[in-house]
Amino acid sequence: MFKLSNSQVEQALYQNAFEYASNGKAIVTLDGKFHLVNSTLCTILGYSKRELQMLTLSQLSHLEDISKTNYLFTEQPPNIEGKIIIDQRFIHKNGKELWVALHFSLLKINEGSKHTSHYLVDIYDISKQIEKEKEIKKLNQIHQLILDSISDGIYGIDLDANVIFWNKAAEEMVGYGENDLSTQNLHDLIHHTNKQGNKVSITSCPVFKALKDGESIHITDDVFWRKDGMSFDVEYTTNPIIENGEYIGSVITFRDITEVKKTKEILQKSEKLSLVGQMAAGIAHEIRNPLTSLKGFLQLIQSGESDKQLYYKIMNEEFNRIELILNELLLLAKPNPTTLCEKNIIGVLDQVVAILQPQCNIQNVQINCLYQTEEILVFCDDNQLKQVFINLIKNAIDAMPKGGEISLEVERESEQVIIRVKDQGVGIPEEKLASIGRPFFSTKENGTGLGLMISFGIIENHNGKVSVTSKENQGTTFTITLPL
Ligand code: ADP
Ligand code: MG
């Protein structure tokens, strides 16, 4: 039997650990020759141990990468403390490129009284990792390419509102470039002020809210600010970014709606004027009566009739009536900037009924006002709401060419008011119901097909809702809900 000494056991263990390590290992002389290599390294490089021992590390390196390690194999090698890590390419025996990570540490060997230094090099095959990185880079490029080819502005932010990605369209619209966005908080840059020019605190910003609650929010009318200090109208959607079930940020898609808004305004104005035009006949009719009586009284006064005081009183009433009608007409025709304030919706409806009364008289239509109360205050632009109700009632009148009744119902329900315009008209066939509110959809010879589209827009701007139910030859009901 043959017995091993302790130091022999230790040496055998070290040799074993070196030889069968999961990574390549080599002891390399200070001039770059392979002194000792393990079998894993042979597998990585495709050479036998004998072959490797005849080569230098530089000879195995890719030509473009030789310079990365050259400084280690000079006459005065650097004094390494700890490790030096170098990623570079080797050439496999089969001629193919191979990415490796080289970890150099200095190994001092005592041979008798002689001390020599070598490098202990751990060699890791990182080809797969590099391949993955390349793939990710390529995917990122494709991802950016797709983002950049979209005309809507898109950017992503993390939970602190820092931008994590954005596209070209976003950059073009807001005017900020990579440098601005990577050093400053986006919220402060483009979304720091609301439509009224007041500063928005981050906690009241919808983007931030969506971010915190992981909600999707669509905002139809807001402003973003450009680098040049100007603002522009935007519509935007914010959607949460979810990773492993957690909200880690938000994607904001936005669109410059300056042009769209201008077009809408023009359409709204032209629809208004068309309404005024359509009502002109009724109004002319309505004014003709007081005018005729005024003329009669004037003649009476001229002829020296005595009871002048009574005539003056009646004439005054008639003048007031003409004035009222003309004022309403002018108000409707005038372009009004949006102004929101608290108004009694019943009063608004009464004014609408008054202005449409002449039209109703001509077409033999009766309007029944069924109000639950006398006053319901709504935060609104009353001129715009008037336009909506005139549109709806005018449509109802048009739907009853032989005359009939319109009921105008108002109901209060907790935090909202419900207004219904019901007619007994021709109704809307089911297949056309979906087209209601689409621009230029009209079944009338002289229709604009804009009335409902504009009305729906106005209600939406008031955060309200519109719904329609209809039965052919029985009638139609438009229901409007407005928040209080
Ligand atoms: P216009 O009145 O100029 O045609 P609108 O947008 O106001 O445009 O209405 C679009 C269409 O919707 C009308 O042409 C009509 O066909 C239909 N419509 C609207 N309201 C009613 C209603 N109360 N009854 C029947 N049809 C209606
Ligand atoms: Mg109409």
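The UniProt annotation "domain: PAC", from an unreviewed entry, covers residues 84–138 and 218–269; such annotations may be inferred rather than shown by experiment. The structure is a predicted model, in which local features need pLDDT of at least 70, side-chain atom pairs count only at pLDDT 80 or more, and totals for chains, interfaces and linings use all residues. Side-chain values use heavy atoms, without hydrogens and water, and residues are numbered from 1 along each chain as its sequence is written. Residues 84–138 are 22% helix and 64% strand, with end C-alpha atoms 29 Å apart. For residues 218–269 the content is 23% helix and 62% strand, and the end C-alpha atoms lie 27 Å apart. Helices (H or I, at least four residues) and strands (E, at least two) are DSSP runs, numbered from the N terminus.

Helix H13 (residues 345–363) and helix H14 (residues 382–398) have axes that come within 9 Å and cross at roughly 35°. The axes are lines fitted to C-alpha atoms over the stretch in contact, and angles run from 0 to 180 degrees between N-to-C directions. Residues in contact (heavy atoms within 4.5 Å) include Ile 345, Val 348 and Leu 349 in H13 and Leu 385, Phe 389 and Ile 393 in H14.

In the largest nonpolar core, of 51 residues, Ile 345, Ile 393, Ile 406 and Leu 482 touch the most other members. A nonpolar core is a set of buried Ala, Val, Leu, Ile, Met, Phe, Trp, Tyr and Cys residues joined through side-chain atoms within 4.5 Å, buried meaning under 20% relative accessible area (1.4 Å probe, protein chains only). Another core, of 28 residues, lies apart from it and includes Ala 170, Ile 190, Val 234 and Ile 252.

Conventions: Chains lettered and ligands numbered in written order. Buried < 20%, exposed > 50% of the residue type's maximum accessible area, 1.4 Å probe, protein only.
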